[in-house]
Amino acid sequence: MNEISSIGTPGEDLIEPVIVPVEAYVSKDYARAEQERLWRKVWLQAARLEDIPEVGDFVTYDILEDSVIIMRTGPDELSAYHNVCPHRGRRLIDTPAGQRNARGNRKSIICGFHGWTFDRQGQCTFANHADDWQGKLTAQRTALGKVSVDIWGGWAWINLDPDCGPLADYLGVVPDMLDPFGLQNMRYRWRKWIIFDCNWKVAMEAFSETYHVQTTHPEFNAFGEFRGWARKHGLHTNIGYEAPKNMDENQAKLRIGSGEDPRLSTAEMQLFTWENANTNTTMTLVAAAQRLKDELPEGTPAPQVLQHWLATARADDEKRGVFWPVVEPAHTAKSGTAWQIFPNFQIGHAVNNMLCYSARPYGADPDKCIFEAAVYELFPAAETPATEWEYTSAEEWPPVLQQDFTNMQAVQQGMKNVGFRGTQPNPYMERAVASLHYNLSRYMGTGAPKPLD
């Protein structure tokens, strides 16, 4: 078992100010070392299960030079294989030009070089002129290399380390905190990807804290103060917003607007969020918010506005066959708004939708990454939209995300400035940033945050 899966760090709470060295973001040597020391040692979210519902369905996942085939090999069975022919090393399944990955259904996998053929269990069923090897082509030597694969949250997870520990151990408290939200029941509303000009850590960190909201997204200031927190859980972290005084703890996640009339500000915030971010809400929530002014009298206290809004939205969804899980308000508050799954996946959860981000290196260039975002929602079975990963240029993403992109590119440029001394994350609101680098340093052997004197 790979014991590093269960690492903790000195000072679990990470409440003291630290400075993070810049090498993890800009060093070419660090970027090259990540493949062996990090990406081949951790569990990675590699596919959504609804993309491979039938036996024989497969998707590919690439991380630097490594490529993996994830295939449904039985109604309740997944297998994962190294995407390489054991004969001469040709990649077995090519990614179509311009696509994020390959996807399809196959009864067998045939190498395009010499025609070696493999069944769904990874066994070689045909090697032309096999007798020429004088009986040395054993089943073990010709089989596809297996990759560890497991399931949680509606995703397939892979680990390239043959000695890795179980996924459940790696995830730690995450399933206990997020299983009540039924993530596996949600389906894509949209999914986009882009090759972006920043390090993958810069991309992930742009969304792993709430400290930036007031300045980067000033439009939201009209709807309230977004004071946030971050907490560490071993390898992983979660973030959330503080609920206003005397407010139901659900307000920590599904927020209503502030001001003299929360009926109106909530309607305005929901419509703005839908039109400018297209995340973290649904049309059901938007429509229910628009009716608040007609269904509640002026002067209704904010807690009652929140309860009415959520209750009516839940009832609206139930009428169309969408049933939200019931999660205790205290659990909702404790779970926060998003979880950062080490090293490169974020789950922004709610009872009826979620927003997920991931980022991975683009080649060995520390200044580029593949950035992905996907919005999920609960849909009636007959109304689930058909989606694919769409490559989208930066200016075509929702306006709120474009604001984040501006920061991401500028941060990457600024970190290479000779005058930059290192990142100094907010110890309370940006704790997830420091945690990421504490854990990265345990894998990479360098780059640990240092206490500020």
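Which residues lie nearest the centre of the second largest cavity? In this predicted model, they are Thr237, Gln340, Pro343, Ala432 and Leu436.

## Second largest cavity

The second largest cavity has a volume of about 150 Å³ and is lined by 18 residues. By class, the lining divides into 9 nonpolar, 8 polar and 1 charged.

At least two lining residues come from each of α6 (200-205), β14, β15 (338-341), β16 and α14 (431-444). Of these, α14 gives the most, with 5 residues.

## Largest cavity

Across the whole structure, a search finds 5 cavities of 30 Å³ or more. The largest holds about 710 Å³ of space. Its lining counts 32 residues, and Phe220, Tyr241, Thr279, Asn280 and Leu355 are the closest to the centre.

The elements that each supply at least two residues of this lining are β14 (236-241), α8, β16 (345-349), β17 (353-362) and α13 (399-414). The lining of the largest cavity is made up of 15 nonpolar, 13 polar and 4 charged residues.

## Helix α11

Helix α11 covers residues 302-319. Its 18 residues should span 26 Å at 1.5 Å a residue, and the end C-alpha atoms are 26 Å apart, which agrees. After α11 comes Gly321, with a positive phi near 90 degrees.

Buried residues of α11 are Val305, Leu306, Trp309, Leu310, Thr312, Ala313 and Asp317. An α-helix has 3.6 residues a turn, so residues three or four places apart point the same way. The cover over the buried residues of α11 includes α8 (262-276), α9 (283-290) and α10 (292-295).

Technical notes: Residues numbered from 1 in each chain as written. Predicted model: local features only at pLDDT ≥ 70, side-chain atom pairs only at ≥ 80, totals over all residues. Heavy atoms only, no water. Helix = DSSP H or I, 4+ residues; strand = E, 2+ residues; numbered from the N terminus. Expected span 1.5 Å × (residues − 1). Buried < 20%, exposed > 50% of the residue type's maximum accessible area, 1.4 Å probe, protein only. Contact = heavy atoms within 4.5 Å. 1 Å grid on protein atoms, 1.4 Å probe; cavity = no way out; pocket = protein on both sides within 12 Å on 5 of 7 lines; lining within 4 Å. Points joined across faces, edges and corners; volume = space filled by probe spheres on them. Nonpolar A, V, L, I, M, F, W, Y, C, P; charged D, E, K, R; others polar.
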